[in-house]
Amino acid sequence: MAATTMTGAKPAESVARIAIKEALLTAFLVFMLAFLMIGFRTEAQQGQQLSYVTRFAAIAWGIILVPLGRILLVYNRHGRPMPALIGGGLAFVYLFGGALVAILFDVLVIPFNDYFGEAAGASGIPLPFADPIVDGVFGLGALYLVILALQTMRHTAHGILTLEQREAKEARSATRAKQLSLVLGPALLALAVVLPFTPWSDRVLVETMTLILTYVMLGWGLNIVVGLAGLLDLGYVAFYAVGAYSYAKLSTEFGLDFWGSLPLAGAFAAFFGVVLGFPVLRLRGDYLAIVTLGFGEMIRITLINWQAFTGGPNGITGIPRMTFFGVPFDRTPEEGTQSFHTLFGLEYSTMHRILFLYYVILGLALVTNFLTIRLRKMPIGRAWEALREDETACRALGINPTNTKLTAFALGAMLAGFAGSFFAVRQAFVSPESFVFLESAVILAIVVLGGMGSQVGVALAAVLLIGLPEVLRELSLYRMLAFGAVMVLIMLWRPRGLLAHREPTILLRRGSGKRPQKAGATT
């Protein structure tokens, strides 16, 4: 066993030996894993037999770069973060910056090669790998080293604080998050109201904002279950699907409009929420997540196989479009009826229906937000928070965990049903492919990254996670790289969420805050 210093840290020679040992092992593993999977690639050229090409240079760079990163990790793990901070920072600037420049050249310059010549497509930056996206991935790995080093430095500084100083630091962080929420909330609302009328607004922007608001509403609904009640739900998309199919069936077979179907869709989804709640009353943590995941998959498989009712994989088509309280948005309405543009004396435009849908989902999201905030301040909301903190103590206080869990599942599912009903009327088509597990994962990521229990944080996370891939759609596959990078950075930078402040809705205070009067004193 290597000798240690008086402070408990290993000496530099011992750390170097450990780093070299782990680097050699890492190089061996990289070689064994990459030699066959990456070193050889088959190609089928037209009119020729199947051949293969070698990529040994990529393997060589992997054997060099990955062990170097391992060495920096070892030094950081043993309380020496500066090598990881400096080395990782330089590697990130070179690899990720060079990859970004190469990608921008591919997107912006190569299409103009017919005018400027083939040399215009070369970025001129020598990179280790032929594919810029691989260089970008290694650059993000270097950024991960930088963040780990910064966290080590922060934890070291945090470790020397006293308990009172740590509590004061946490209180300041929660206060900043609360103050930022008070500023960002009204700002986001004002921006959402006026955005369609700004000079840079167009159809794509309005439809993207409509999609974002749909996920904001779903995030606020799941926030009741996960953020307030502390029940991990991985099958939330099932209630979203129940709401969508409920409106689809009610409108196509019974002739109900959106406003008449909306409460029924929410009621059906709430019923399924209670059905899910009963089997999981005794489950917690990972077991609860597994059961809810299975429930979501059961709903999806049922939608695929019950063809007589749901249309199977083909879904349900011909869903009636939303009207302006009975007034359609058609260019040529039926005889004896008026259309929206004729009723208000406007020139016909397809933007009328799109704007109306946008403000409908904005209104539904605001109602969801108001309902969640009011419920949190009511006794049921306080029971959710008590259940989240400690279920055993919750029982000891006389709170019924069964009713508390069922109400959380039912109300969260009802809000998802409302959002699903809007999704169906917006798309005019529903199919099982729209309700896969990935949707539940995205909604849960919005809640976690925004900060569980934070309404403004959930809205901000939805803007980032849903809006960012849409904005970067022109970059094709590279947009998913940016999407993943944002998620990793948020979890490393703000592990509790963007605006996390778990402030209880009721506080027990010591006395009335007034100083006791002395005996014989008069008022």
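**Notebook: confidence, fold and a nonpolar patch**

I started with confidence in this predicted model: helix α4 (residues 113-116) is lowest with a mean pLDDT of 46, while helix α8 (residues 237-253) is highest at 92. pLDDT is the predictor's confidence in each residue, from 0 to 100, and helices are DSSP runs of H or I, at least four residues, numbered from the N terminus. Residues 111-122 have pLDDT below 50, and I find eleven contacts (heavy atoms within 4.5 Å) for this stretch beyond near neighbours in sequence. Residues 510-523 are also below 50, with one such contact in the model. Where pLDDT is low, the predicted coordinates should not be read in detail. The protein averages 80, and 83% of the residues score at least 70.

Next I checked the overall build. I get 19 helices and four strands (strands are E runs of at least two residues). Of the 523 residues, 40% are buried, meaning under 20% relative accessible area with a 1.4 Å probe, protein chains only.

Then I looked at the surface. L25, F28, L29, F31, M32, L33, F35, L36, M37, I38 and F56 make a nonpolar patch with about 1,100 Å² of accessible area together. Helix α1 (residues 12-37) gives the largest share, nine residues. Areas are Shrake-Rupley, 1.4 Å probe. L25 sits in helix α1 and is exposed (over 50%), at 51% relative accessible area.

Bookkeeping: residues count from 1 along each chain as its sequence is written. Local features need pLDDT of at least 70, side-chain atom pairs 80 or more, totals for chains, interfaces and linings use all residues, and side-chain values use heavy atoms, without hydrogens and water.

How values were computed. Patch = residues over 30% accessible without salt bridge, like charges linked within 9 Å, V, L, I, M, F, W, Y side chains within 5 Å. Salt bridge = Lys/Arg side-chain N within 4 Å of Asp/Glu carboxyl O.
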